[in-house]
Amino acid sequence: MHGLINRAIQAFVASTYGEERWNDIMNNADLGFAQFEAMLIYTDEQSNKMLSAVERSLERPLPEILEDTGTFLVSNPQVEALRRLLRFGGVNYVEFLHSLDDLPDRARLAVADLHLPALELVENSPGQFDLICQPGLPGFAHVMMGVLRAMADDYGDLVILDHRGTQDGAEVISVTLVETDFAEGRTFDLGAHAL
Amino acid sequence: MMTADEMTGVIAQICPMYLVVDSAGLFRFAGPTLQKLRPDMTWKRKNFFDVFDLQRPRWVNSMDDLLKTAGAKLHLQFRESPQTSLKGVLVPLPDGQGALINLSFGISVLEAVRDYDLTSADFSPTDLTIEMLYLVEAKSAAMEASRQLNLRLQGAKIAAEEQAFTDTLTGLKNRRAMDHILERLIGSGTDFALMHVDLDFFKEVNDTLGHAAGDAVLQSVARVMVECTRHSDTVARVGGDEFVIIFEGVNEPKVLEALSKRLISNLEEPVPYGGQMCKISASAGTTLSVWNAPPIAAAAMLHQADLALYAAKRAGRSQHLFFEQGMQKDELQAATQGQS
């Protein structure tokens, strides 16, 4: 699993539960190191050992932890870069949802060896969507749930999300847009980033 | 047939930075994004050449010239600050009605987006600007992550070097390695001799011929020392031009007497470097473990070898002396003399 993904989980756990807790988790995972490097590749076995150690330590179901990780990735100022990259997807939430089809390609443009599962947005009726997450990265759909929820807040829209389980091997998330401009979203300046 | 307003409405959708100039070079229409760059300016009937400095092609000085550039790439910038650079292309309008010019930011887009607070609504949906901005940010973030990794790896490399036993310049053992070997020999009760060697005139080589010459000399010195000693002996570089040789299993001075002479004379062989000859020599002092009553202390033996070396230096350099009881350093001597 790509270092960025491992590193994302590390960032979430360490900043939510503290560095000490993270070090304990990595001790239990017994990988021989405590920090994941964002730009290195790790085996699935290493990532799975870390994930089970996280699950044991936090005593919460993994899907829930992954969803919180997704929310953290968008809402925490520490990882502002990712939120900005996602906001490039569209000027409103619906446009953003449609841009998710391109997400794996966009990710690969930035980091050539980062492979994310294909995503497909199906618009069932205005304001009602299904996001189909192809297999390849277990738990990715749960992370996406957190991302979708946090991005809705970011745009200031109110949405209802529901993980609908697996259909033909792909996980399905239903997205219902209840109200746009429900709250004031966060601002996004195209050129605010210091280069 | 479309009216002029209908036509500019269509063009504004596709090219929000378009301009229409009449045959005299006066603006007739300007696209919405272009207008946003100079919100306080009235575009209508302003002269193209008053607003823009056309940098290329250089031969363009009038509206007639400008019309002749049709289809070619134009480089221009605003005359007033911020002097954003723009690229453009001109298409003449029929019946001598002037021309349509489409402008874009080119590579200056990064600053432009910041300077003018542009949003994605200011670009045509088919324009790749947003993708380019995305890519610049994504690559910056990825580069930053890589840079952090490089910094950490460099830190790890320095830490590893600190734990290493080898002197990277000469390939000899370093002081850490020497400490370990002394500890092992003393611990196992093995006899050994300890020779402290200090180069003479090395500083002169460094000062006159430079550090690179100095490094070449040190590498040559290392080779000579390894050649003059047995495989079971240890040669360590313990300072800039200081070396320690540990002779394992040696318990009498005789063999070392000859060896030290050969060593010093070999070290005096000039080392060629960059067309110059670097000449150095060496002084050395030696002590033997059998001269010390147990328990033997590595620090005490190093001190004895150091005193012998010091005496050799004082006796005129390029010499080797064995440690003798009563050897002292000058400052120590001076201090004790001062007391008495």
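At what angle do the axes of helix α8 and helix α9 of chain B cross? In this predicted model, the axes of α8 (residues 202-209) and α9 (residues 211-228) of chain B cross at roughly 145° and come within 6 Å. On the side of α8(B), the contact involves B:Phe202, B:Val205, B:Asn206 and B:Leu209, which meet B:His211, B:Ala213, B:Gly214 and B:Val217 in α9(B). Sorted by class, the residues of this contact comprise five nonpolar and three polar residues, with no charged residue among them. As a general point, residues three or four places apart in an α-helix point the same way, because the helix has 3.6 residues a turn.

Chain B also contains an open sheet of five strands, arranged in the order β8-β9-β7-β12-β13 and with mixed pairing. Its edges are formed by β8 (234-237) and β13 (320-322) of chain B, each of which pairs on one side only, and neighbouring strands of the sheet are turned against each other by 20° on average, with direction ignored. Within the sheet, β7 (residues 192-200) of chain B pairs in the antiparallel sense with β9 (residues 242-248) of chain B over seven bridges, and B:Met195 stands opposite B:Ile245 in β9(B). The pairing of β7(B) with β12(B) is likewise antiparallel and extends over eight bridges; here B:Asp200 has B:Ser281 in β12(B) as its bridge partner. By contrast, β12(B) and β13(B) pair in the parallel sense, over three bridges, with B:Thr286 standing opposite B:Phe322 in β13(B). Seven of the eight residues of β12(B) are buried, and the strand is therefore largely enclosed by the rest of the structure.

Helix α7 (residues 175-188) of chain B lies across β7, β8 and β9 of chain B and runs at about 145° to β8(B), whereas helix α11 (residues 298-314) of chain B touches β7, β12 (281-288) and β13 of chain B, its direction making about 140° with that of β12(B). Together, β12(B), α11(B) and β13(B) make a β-α-β unit that is left-handed.

In α5(B), the residues B:Val109, B:Ala112 and B:Val113 are buried. Viewed down the axis of α5(B), its buried residues fall within an arc of 100°, so they line one face of the helix; these buried residues pack against α6 of chain B. Just after α5(B), B:Asp117 adopts a positive phi of about 55°.

When its neighbours within four places in sequence are left aside, B:Thr33 is in contact with B:Pro16, B:Met17 and B:Asp122. Although B:Thr33 and B:Tyr116 are 83 residues apart along the chain, their C-alpha atoms are separated by 9.7 Å.

Between the chains, 22 residues of chain B are in contact with 17 residues of chain A. On the side of chain B that touches chain A, α5 (109-116) and α6 (129-162) of chain B each supply at least two residues, and α6(B) gives the most, with 14 residues. By class, this side of chain B has 14 nonpolar, four polar and four charged residues.

Methods. Residues numbered from 1 in each chain as written. Chains lettered and ligands numbered in written order. Predicted model: local features only at pLDDT ≥ 70, side-chain atom pairs only at ≥ 80, totals over all residues. Contact = placed C-beta atoms within 7 Å. Helix = DSSP H or I, 4+ residues; strand = E, 2+ residues; numbered from the N terminus. Nonpolar A, V, L, I, M, F, W, Y, C, P; charged D, E, K, R; others polar. Pairing = 2+ DSSP bridges. Axes fitted to C-alpha atoms, helices over the stretch in contact; angles between N-to-C directions. Buried ≥ 20, exposed ≤ 12 C-beta atoms within 10 Å, placed from the backbone. Arc of directions from axis to C-beta. Right-handed = clockwise from strand over helix to strand, strands pointing away.
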